[in-house]
Amino acid sequence: MLTMSSKSLDDSFDESLFASEIVLERKQSRKESSSYYVDEYIKTFKQDNFLTKLKRRAIKGELRSCRFRSIAWRIYLDCLPDRSEEWVTTTRTFREEYQAIRNKYDTNPYRNNNHNFEENNPLSQQESSVWNKYFQDNELKNTITQDVVRTFPEIDFFQSSVMQEMMCNILFHFARENPKITYKQGMHELLAPILFVVNSDQQALLHAKELHLLESADESTRNEIEELLNQEYLEHDTYIMFRQVMETVEPWYSHEMISFKMDSINFEPFSTSLEPSSCSVLGIKLRLIYEKILKRVDSELFFHLFNMQIEPQIFGIRWLRLLFGREFSLQDLLVIWDAIFSDGISFSLCDYIFTAMLIVIRDLLLSSNYSQCMNHLMRYPSVPDTQYILDLALHLRDPINHPEPHGYTVGVHPIEVTPSPIHVILPDVIEQKPVPSTSSSSREISERNTDSAKTPNRPKTLPILQVNTSKNQVTNQQKSSISEKPQSGQSHAHQLQPVSQRQSQNGSSSPTKVVDHPLAHPLSSDDGPSSGYSPQLTPSFPSVLFKKKTQEMKSFNKPTNLNGKELDYCCELLTNQIDILQKTLAEEELKNNDVIFLAVAKLKIARDLLKGTLKLNEID
Amino acid sequence: MEDYKYLFKIVLIGNAGVGKTCLVRRFAQGVFPNVQGATIGVDFMIKSLMVNDVKVKLQIWDTAGQERFRSITQSYYRSAHCLILVYDVFSQCSFDSLPQWCRDIDQYAGAAIAGNGRNVLKVLVGNKCDKDREVPLHIAEQFAHNNNFDLFMETSALEAENVEKLFREIAEILVSRNQESNGGTMSRSITSNSFNQSSKPSNCFNCFSN
């Protein structure tokens with residue numbers, strides 16, 4: 001900045017005026033920061049209960065300009081213990097550990113004094129040969145370098161040869177230390193932001209030292225800051241943090257296929273295939289995000305993508321492997337990572353960020369065809385408010401403690417977050433005049449019902465990992481997340497009375513009607529009807545199956561001559577029997593599952609028609 | 001309804017860094033990025049062109065070099081009309097990997113494609129031919145011939161050499177194949193907006209792997 005301003009002084013009067021403004025600004029900010037640098041450190045890390053505050057700041061996006069973000073990350077990632085007294089010793093231990101790793105793999109055959117020339121010659125293929133190792137290492141280094149030199153091409157920082165070399169070193173050492181996973185494309189883009197953050201904090205310290213800002217601190221605090229942000233150990237500290245991130249993310253990079261039977265997880269009752277399939281850990285994770293989160297919170301969007309056969313793996317592999325690194329600008333990405341890291345070492349927030357990102361562009365997606373959708377997902381549109389995505393993600397996971405964020409608009413595409421409708425109350429207007437699909441109608445619905453939807457009367461989203469546990473599909477990462485939040489999910493679901501049930505108890509006299517969409521109903525054992533899930537029905541529900549059903553249903557269009565008592569009895573009987581059927585079926589592995597589930601879904605329509613919570617014209 | 005007559009799915013494979021993404025971007029967007037970030041998972045691009053007054057839409061799936069077939073979802077290649085295997089003429093190593101890629105194609109794509117009752121168009125491309133070469137042209141030609149490639153071409157994404165031509169020829173072959181198989185009458189069976197519709201119903205969401 002200084003060089004910039006001195007340059008412009010030579011150029012012209014106007015620019016020199018501008019430059020002097022910059023200098024003035026710098027002086028002012030210097031004055032301000034002088035009192036803040038040490039204060040910021042103390043306020044951030046030295047107060048009682050600082051950890052809770054630090055986590056809260058992360059999810060609120062308040063670390064955006066923090067000059068100690070790398071220390072915060074180290075705490076989140078368990079690279080530093082909670083007790084700050086131990087930080088310096090822990091840091092030193094880690095640095096020594098990395099130094100030892102570096103020494104271990106520093107093989108230079110030219111410096112080798114081994115006189116066994118069977119081994120010590122460049123053509124030796126022996127495992128123990130230094131030369132053989134040397135050439136293998138070079139191959140690995142070439143692979144890594146090929147990716148490192150094209151990391152964040154638009155950011156100068158990553159084009160510097162010093163930084164590139166450092167990244168290569170870290171990735172190389174990680175690969176050698178973890179021979180099972182070695183180096184995989186994408187790791188370099190997880191490493192890069194960490195290096196950037198650690199370096200930024202170190203530079204901030206240097207700057208503070210130049211301005212004598214540390215003098216106001218007591219000696220131990222000063223030593224602590226200087227040790228934690230010691231420039232000498234950029235590579236060491238970054239390695240340790242990167243290793244921690246990889247610890248969680250590693251399964252997402254695994255190519256190992258896990259074989260499992262689709263219907264045993266009960267992904268999709270109307271699946272077209274019941275063949276056993278194999279999936280990578282990441283593949284399963286992505287499928288669960290679709291089936292267990294997206295489908296619940298926005299079934300319209302889910303079926304839109306489902307019908308177009310846009311599987312989450314297509315775009316989701318990159319989204320998750322890079323922790324959304326290509327979907328946001330670097331500064332916004334760091335804010336997203338603040339939240340992911342602070343939320344817990346399992347990074348389980350990713351699942352909800354993933355869903356929130358889809359919901360934020362739902363209107364865009366709903367009004368797009370296959371290619372357009374693919375384009376939006378592969379080249380995620382720039383979203384002006386990253387915080388909104390975080391807030392929405394937190395809300396999706398825990399609507400009771402995190403209120404729904406207020407909607408906003410992106411560019412020409414109105415972004416309206418359907419109030420994550422587990423239920424949608426259809427106003428009479430819609431009944432009379434079925435509007436052709438598109439987002440406008442759903443927007444209308446949600447606008448009318450934002451109040452009712454905002455109240456947290458829907459069950460907490462079932463964490464996708466719980467489903468996994470019950471089916472023995474748990475990875476380490478998932479295990480930790482389960483232990484972390486044992487209270488979430490089902491417990492809330494039980495506390496809350498399903499809206500649809502409440503409505504039916506009140507009878508059908510209310511002017512608005514809750515529609516329980518039978519086809520969208522997940523018929524798995526994990527979320528039977530008791531979970532209160534009744535997703536929104538839009539007038540133009542995309543399922544072809546559904547239309548067929550409507551036609552079949554029309555033949556039953558006769559006025560009923562049952563009285564209220566008999567009706568109630570029939571409904572109750574049907575509900576109970578459907579429940580039993582569903583639960584039993586979910587446990588069985590039947591050959592014709594689809595057919596049976598379809599039949600159950602039809603029974604549900606019949607029940608809802610009897611109840612009066614569904615009308616024939618609504619099915620269309 | 002979109003206004004194209006045919007939609008063909010093309011999948012690019014080959015070692016990391018041979019220039020698959022640059023090739024696609026040169027063709028689809030007319031640009032050559034100075035530095036192109038590594039592809040993670042898969043990328044997707046669409047480009048339409050006219051072949052004999054017929055509009056053809058090419059759906060191009062650009063895969064990550066390191067992924068190889070095992071983690072590419074089956075449905076990518078199951079319904080692919082064309083596989084382009086790319087190597088770097090400047091890198092002997094990328095050429096030496098070709099046999100392994102061919103085995104992968106046979107193992108993973110072969111059966112699936114045979115099951116669909118049609119042959120996938122196999123194309124070999126030597127990219128970066130603007131550079132000094134390590135792989136002689138005749139060696140590559142021989143390799144293409146021996147391994148039953150339908151088409152072989154050397155390209156330069158940097159200098160836009162043969163890039164347009166490559167995709168145009170692929171489109172032409174696919175169009176003529178499709179016309180033949182339909183006895184001269186063009187059908188839309190292959191041109192559905194959703195690429196899986198022409199294949200068997202089980203070939204969708206649930207058998208999707210990675």
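Guide: Of the 210 residues of chain B, 59% count as buried. Keep in mind that this is a predicted model. The accessible surface of chain B comes to about 8,100 Å². Carbon and sulfur atoms hold 47% of that surface.

Now the contacts. Take those in chain B between residues at least 6 apart in sequence. Of these, 75% join residues at least 24 apart.

Next, the elements. Chain B has seven helices and six strands. Read from the N terminus, the order is β-α-β-β-α-α-β-α-α-β-α-β-α.

Six strands of chain B form an open sheet. Across the sheet, the order is β2-β3-β1-β4-β5-β6. The pairing is mixed. The edge strands are β2 (42-51) and β6 of chain B. Each of these two pairs on one side only. From one strand to the next, the twist averages 20 degrees.

Look inside the sheet at one pair of neighbours. Strand β4 of chain B covers residues 82-88, and strand β5 of chain B covers residues 121-127. These two strands run parallel, joined by seven bridges. Within this pairing, B:L83 stands opposite B:K122 of β5(B). Helix α18 of chain A, residues 370-378, packs on it. This helix touches β2 and β3 (54-63) of chain B. Its direction makes about 140 degrees with that of β2(B).

Then the charged pairs. Over all chains, the count comes to 30 salt bridges. One of them lies in chain B, between B:D150 and B:R177. Their closest N and O atoms are 3.4 Å apart. The pair links distant parts of the chain, 27 residues apart. B:D150 sits in the loop between α6 (137-146) and β6 (151-154) of chain B. B:R177 belongs to helix α7 of chain B, residues 163-181.

The side chains of A:D147 and A:R150 meet in a salt bridge, at 3.2 Å from N to O. A:D147 has 1% relative accessibility and therefore counts as buried. A:R150 comes to 14%, so it is also buried.

The other pair is A:D237 with A:R74, a salt bridge of 3.7 Å from N to O. This one links distant parts of chain A, 163 residues apart. A:D237 lies in helix α10 (residues 234-253), and A:R74 lies in helix α4 (residues 69-76). A:D237 is buried at 4% relative accessibility. A:R74 is buried as well, with a relative accessible area of 3%. Both residues also belong to a network of salt bridges. That network links A:R74, A:R92, A:R95, A:E227 and A:D237.

Note on methods
Residues numbered from 1 in each chain as written. Chains lettered and ligands numbered in written order. Predicted model: local features only at pLDDT ≥ 70, side-chain atom pairs only at ≥ 80, totals over all residues. Heavy atoms only, no water. Salt bridge = Lys/Arg side-chain N within 4 Å of Asp/Glu carboxyl O. Helix = DSSP H or I, 4+ residues; strand = E, 2+ residues; numbered from the N terminus. Buried < 20%, exposed > 50% of the residue type's maximum accessible area, 1.4 Å probe, protein only. Contact = heavy atoms within 4.5 Å. Areas by Shrake-Rupley, 256 points an atom, 1.4 Å probe, with all protein chains shown as cover. Pairing = 2+ DSSP bridges. Axes fitted to C-alpha atoms, helices over the stretch in contact; angles between N-to-C directions.
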